[in-house]
Amino acid sequence: MSTEPAIDVRGLSKSFVVPERESGLRAALGGLVRRRTRTVHAVRDVDLTVARGEVVGFLGANGAGKTTVLKMLSGLLHPTTGDVAVLGHVPARRERAYLRRMTLVMGNRHQLQWDLPASDSYELTRAIYQVPEARFRRTREELVELLEIGELIRKPVRTLSLGERMKAELVGSLLHQPEVLFLDEPTLGLDITMQKRIRSFVAEYNRRHEATVLLTSHYMADIQALCKRVVVIHHGRLLFDGDLSALGEEFAAHKEIEVTLDEADADLSGYGEVRSAEGGRVRLRVPRENAPPTIAKLLSEHNVLDLTVEAPPIEDVIEQVFSSGTSGAAVPR
Amino acid sequence: MTAVRERPVARIRALADFYVQAGKLSAVQQFSYRASNYLFLVGMLAEPVIYLVVWRTIAEAKGGSVGGYTAGSLAAYYILWTLVRNMNLVYAPAGFEWRIASGRMSGRLLLPVHPVHYDLAGFAGAKVVWIVLWLPIAALLTWLFEPALDVGPVQVAVFLVAIWGAFAIRSLFLWALGLVTFWTTRAGALFELYFVVELLLSGRLVPLSLLPGWARAIADHLPFKWTFAFPIDSLVTPQSTARLLGGLGMQALWVAVGAALVAVVWKRAVRRYSGVGA
């Protein structure tokens, strides 16, 4: 395998000029004379390197710039500034050789013909990507088996449920065995069972084909199941790039202390926010910097049977990062 | 950076394979809509039948012919009109708005095939079905209006090529026009203007020989007549073989102009693409 990174991004920025006007008739008439525009900086100065075969979670609130980055990496959008190389190609050139090696799966890709069985659309995909017949059959069987959609590919797409259609779309997106997968919310709108199946499928595809995966999802379960490394983007800037476990350490403003005392109904509200209390077991939330003195105080003032310190759940950390408008410096890998 | 050049032969073979598959898929789809397709074709008959009745009445009032067309040749003109109109149905510029807003354009841009091929292949496949469906309609119109048509094999061969040339020219020009949507998603008025000029100068509304001289002179320098009047006149109006082949040459020229226009505008359009809706 090549040692060259699968994705190499330097100083990537994207700005859009969007029209702007107030509501109402007066503003509409004014717009006839003078058109006002505003520049939106969707992505600013992003650096990112992803090794071949790596699965990276790409996190950010709505409008943070995740999808814009994915679109630039896939060649859909031209960067305003910066350099992008994916598998050694410049995506914006949209060379056929590059497009044959990657896929971008978005919730609304709609590559399947609505009134025909998915198997018919797959034949067209074979021709588009020039997949040799034998390899096409083998890959199709493999993907159909992995996603357990068997006979469904012979039913008109319009008769499939959302989850079934998403799986059929996923098969269609991978028939050419792409080396890089950009997955934009692949489990959006699916039930929990279907989400799990898609997750295990992506993991298996990555294992079998050593594919590089860049995944965005609002479901932390997707990220936790698939990605050791996460990249957080906020207001277009890279906020964090590192291990998922380190994300909590970096951004959690609180620690959760679970303590078991030999006394029931002890009042620990003076130590921090009591999250739960059941018998002698109490869960406290304290500011991160207060955790060591609080633990020392608890140990010295009570008979502690057991004590654990945890970062808050990753969902809480992410929510806090997005809602607080944190603008700390990116953490380089 | 990687820069891989495909061999032209391999590229042509790949494109041919794509056209066959996309055409087949489209034909299968159209057959599944056969009832609605038939209703659509029948609905389209109103326009040429009105033109035909009007011009036949004028011809009869003028002693049997108008602009060199007899009642019989006018019937032939407008019966062939129905087939040529079918061949002229291509991906409409307004469809680009929907494609961009729904995100489908992004899907097309991600494929290693130029999206124009997708539309050309898809509509070509559909046309095979529409031609099959048109045959009984043509038989009915022939029985009703008794067209006068005296043609040789060369004219038939030229006609069969010319209807596909018409399809290619109109597809490419309307595709280039549709690309305006990459700059503004509300380009409907521009499309309407194009359609009005086309209606007047293509031979769709009236045979070109019935237009004033100055209008015919303008039409000679535009692509429209090669998409409508030329294919019909290649069968209806007696012409020398050289003139017929010259017409096919003009069609080839306009195909080249349309293809160049699409290539140039496309290159700039994709740079403008903002991926809204996807």
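Analyst: Buried area is the accessible area, taken with a 1.4 Å probe, that two parts lose on being put together, summed over both. In this predicted model, that area between chain B and chain A is about 3200 Å², and carbon and sulfur atoms give 57% of it.

User: How do you know that residues of chain B are in contact with chain A?

Analyst: The test for contact is heavy atoms within 4.5 Å, and by that test 34 residues of chain B are in contact with 37 residues of chain A.

User: Why is the meeting of D17(B) and R126(A) called a salt bridge?

Analyst: The term asks for a side-chain nitrogen of Lys or Arg within 4 Å of a carboxyl oxygen of Asp or Glu. The side chains of D17(B) and R126(A) meet at 3.3 Å, N to O, and because 3.3 Å falls within the 4 Å limit, the pair is called a salt bridge. The count between chain B and chain A is one salt bridge.

User: What makes a residue of chain A buried, and what percentage of the chain is buried?

Analyst: A residue is called buried when its relative accessible area is under 20%, and such residues make up 51% of the 333 residues in chain A.

User: Which helices and strands does chain A have, by number?

Analyst: Chain A has eleven helices and 13 strands, and its C-alpha atoms fill a box of roughly 75 × 60 × 45 Å along the principal axes.

Definitions and conventions:
Residues are numbered from 1 along each chain as its sequence is written. Chains are lettered from A and ligands numbered from 1 in the order in which they are written. This is a predicted model: local features need pLDDT of at least 70, side-chain atom pairs count only at pLDDT 80 or more; totals for chains, interfaces and linings use all residues. Side-chain values use heavy atoms; hydrogens and water are left out. Helices (H or I, at least four residues) and strands (E, at least two) are DSSP runs, numbered from the N terminus. Buried means under 20% relative accessible area, exposed over 50%, partly exposed in between (1.4 Å probe, protein chains only).
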